[in-house]
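Here is a brief report on one structure. Look at the sequence and the fold, then read on.

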Amino acid sequence: MRVLSKLPMVAFAATLFLAFSCQQKAQDTTPQNVVSPEVLAKIKRLGFSTEGVINNNGSYIVERDIMLTEAQLDQGFNNPLLLRAGQEEQYRTTNVVNSNGSRVITVYIDTRFNSTYVNALNDAIGRYNALNLDISFQRVTSSSGADINVRRLNWFLEFFGVLGSAGFPTNGNPYNEILMNGRLQTSYGYNQAGIATVIAHEMGHCIGFRHTDYFDRSISCGGSTNDEGDGGVGAILIPGTPTGASLSAASWMLACSGGGDRQFNADDVTALNWMYKNNF
Ligand SMILES: [Zn+2]
């Protein structure tokens, strides 16, 4: 998920520039985002948008918050379905978590985060668990064996305005890492509910949800019309969800956030129930 307004980003970038400009004579610390044509070709071949790709030391953030490794770029994903679903709401990937009827997904949050982040994670977990799905989440206090680890983004990604990032399930297991911007309060003015919304969004990727507005992320991000494509992981309409996404419907899986609280709307609940009640 990425910041909606560019203003805080500009302010943050200016702050960073000030912070680093004093060191420039000794060392050029201006962040460089170099993505080779070969990598862009691989991203395009998998069907992801090549706009705004961020190189994170050899892994790549596409569609603003989805982490792809070099291996994934080379190998693709399990069972890719090149389906297009039209302009409908609530999409899933072909990569899902196998619950076998009941599965607890444990989540650990790094101790570098303050209590607001920890409480926001508790809130996000509570939003999912209130639906009594076949999967549930549980916060644990040890990273050892946790299914999902919540860690800090590096400063480079925070510089580029990434709010959080995650990936898609593999081999029936949730994606194992959520990277969160640690400056959401200080640089972006997010409160606990806004942070809970970002965490719940990234958890949504970890269990296989794509962006609600994947077909045109300008719906939540502004700017020009931009189709993310099917990403090679499938963008499959979930039965019972309506035609067309809108900012006002405030799905938790919209690509961009302005910091508001997006609890599950009725269509989100339909999508979550379809995915994780008596299905996978
Ligand atoms: Zn996202």
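## Confidence

What pLDDT does the chain average, and what share of the residues score at least 70? The chain averages 79, and 72% of the residues score at least 70. pLDDT is the predictor's confidence in each residue, from 0 to 100. This is a predicted model: local features need pLDDT of at least 70, side-chain atom pairs count only at pLDDT 80 or more, and totals for chains, interfaces and linings use all residues. Residues are numbered from 1 along each chain as its sequence is written.

Two stretches call for care. Residues 6–27 stay under 50 in pLDDT, and the model gives them eleven contacts beyond four places in sequence. A contact here means two C-beta atoms, placed from the backbone, within 7 Å. Residues 78–89 are also below 50, with 35 contacts beyond near neighbours in sequence. Where pLDDT is low, the predicted coordinates should not be read in detail.

## A three-stranded sheet

Three strands form an open sheet, ordered β2-β3-β4, with antiparallel pairing. The edge strands are β2 (54–56) and β4 (66–68), and each pairs on one side only. From one strand to the next, the twist averages 30°. That angle is taken between axes fitted to C-alpha atoms, in N-to-C directions, on a scale from 0 to 180 degrees. Strands are DSSP runs of E with at least two residues; helices are runs of H or I with at least four; both are numbered from the N terminus. Two strands pair if DSSP finds at least two bridges between them.

Three bridges join β2 to β3 (residues 59–62).

## Positive phi at asparagines

Most residues other than glycine have a negative phi. N100 has a phi near 50°. N100 sits in the loop between β5 (91–92) and β6 (103–109). N100 counts as exposed because it has 9 C-beta neighbours inside 10 Å.

N132 has a positive phi of about 50°. Its place is the loop between α4 (115–129) and β7 (135–140). N132 is exposed, with 10 other C-beta atoms within 10 Å.

## Helix α8

In α8 (residues 266–276), D268, A271, L272, M275 and Y276 are buried. Seen down the axis of α8, these buried residues fall within an arc of 100°, so they line one face of the helix. The arc is that of the directions from the helix axis to the C-beta atoms. Just after α8, N278 takes a positive phi of about 55°.

Notes
Buried ≥ 20, exposed ≤ 12 C-beta atoms within 10 Å, placed from the backbone.
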